[in-house]
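Hello,

Here is the structure I promised to pass on to you. Please have a look at it first, and then read my notes below.

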Amino acid sequence: MTSFLSLYQKSLLAGVLTAIVTAIMGIHVVFRRMAFYGDAIAHVAFAAAAIGATLGTSSFLSALVLSVVVSLVLGSVSKKSIGEDTAIGVLFSLTMAVGIVLFSISKEQRSLMSYLFGDVLAITNRDLLYLLLVTGSVIVFDLLFRDILVQFTFDEDFTRLMHPKVNLVYRLFLAILAVTVVVAVQTVGVILVSAFLIIPAATATSLLNDYKKVFLLAPVLSSASVVVGLLLSLQIDAPPGALIVLVQGATFFTTLFLRR
């Protein structure tokens with residue numbers, strides 16, 4: 001255990017922070033049936049980072065700005081003639097193609113692999129700072145607006161009547177969700193970030209009926225998966241991100257089996 005902590009101290013902290021922040025936002029995503037949405041934002045972040053690399057600017061900053069803008073636009077599209085799932089489906093393939101082409105043109109193959117699969121073992125102090133800031137912001141936002149967002153999910157008309165500014169809260173949620181995805185991509189990559197958003201939240205909601213307890217259980221389950229996944233990677237020399245998701249998946253299917 002001592003060698004584990006000395007080797008993975010920074011990775012463990014980054015993984016746990018990523019687990020907490022994605023689990024909290026993931027519960028709202030699961031409640032609102034937006035699983036495809038988080039995946040689409042991750043792909044937008046991938047393309048935006050490629051644009052930044054091609055232009056010689058900050059990949060992280062370009063991913064952050066464009067992801068927030070696209071997230072807000074997608075949130076508005078669902079009210080228009082084009083369905084939200086249709087718009088996301090178009091973006092999904094298009095952004096992946098743009099990202100791969102631009103990363104190839106800019107000769108940034110290492111960045112391409114890093115954004116696709118993440119690298120929790122290569123976390124920098126700057127990445128940790130971003131994760132700390134986003135985690136703190138998400139916790140404060142959730143404590144302030146959790147009940148309103150849950151009510152909005154299940155009864156939009158009544159929530160608009162009781163909380164006239166709920167649309168502003170929802171747009172703020174979309175922006176914070178985009179920031180969460182961009183920061184999480186730095187740790188676990190585009191391919192796995194949706195698993196961090198969905199699986200712990202889906203597991204917790206399948207176990208508990210009290211939504212307030214779900215917001216406590218999901219981060220705990222996800223954090224435990226990070227610890228087990230990192231321990232396994234130390235033993236069998238496999239990518240920690242993939243092992244963490246395997247642990248999350250095993251927990252999900254185990255709970256489903258036990259509930260039957």
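Below is what I found, starting with confidence and moving on to single residues.

Please keep in mind that this is a predicted model. The mean pLDDT of the protein is 83, and 88% of the residues reach at least 70. Helix H9 (residues 211-236) has the highest confidence, with a mean of 91, while helix H5 (residues 109-117) has the lowest, with a mean of 67. Where pLDDT is low, the predicted coordinates should not be read in detail.

Is Thr203 buried or exposed? Its relative accessibility is 2%, so Thr203 counts as buried, the cut-off being under 20%. Apart from neighbours within four places in sequence, Thr203 touches Leu221, Thr251, Phe252 and Thr255.

Next, you could turn to the surface. Leu61, Val65, Val69 and Val73 make up a nonpolar patch there, and together they have about 330 Å² of accessible area. One of them, Val65, belongs to helix H3 (residues 59-77). Val65 has a relative accessible area of 46% and is therefore partly exposed.

Finally, take a look at Leu13 in helix H1 (residues 2-31). With a relative accessible area of 40%, Leu13 is partly exposed too.

Enjoy exploring the model!

Best wishes

How values were computed
Residues numbered from 1 in each chain as written. Predicted model: local features only at pLDDT ≥ 70, side-chain atom pairs only at ≥ 80, totals over all residues. Heavy atoms only, no water. Buried < 20%, exposed > 50% of the residue type's maximum accessible area, 1.4 Å probe, protein only. Contact = heavy atoms within 4.5 Å. Helix = DSSP H or I, 4+ residues; strand = E, 2+ residues; numbered from the N terminus. pLDDT = per-residue confidence, 0-100. Patch = residues over 30% accessible without salt bridge, like charges linked within 9 Å, V, L, I, M, F, W, Y side chains within 5 Å. Areas by Shrake-Rupley, 256 points an atom, 1.4 Å probe, with all protein chains shown as cover. Salt bridge = Lys/Arg side-chain N within 4 Å of Asp/Glu carboxyl O.
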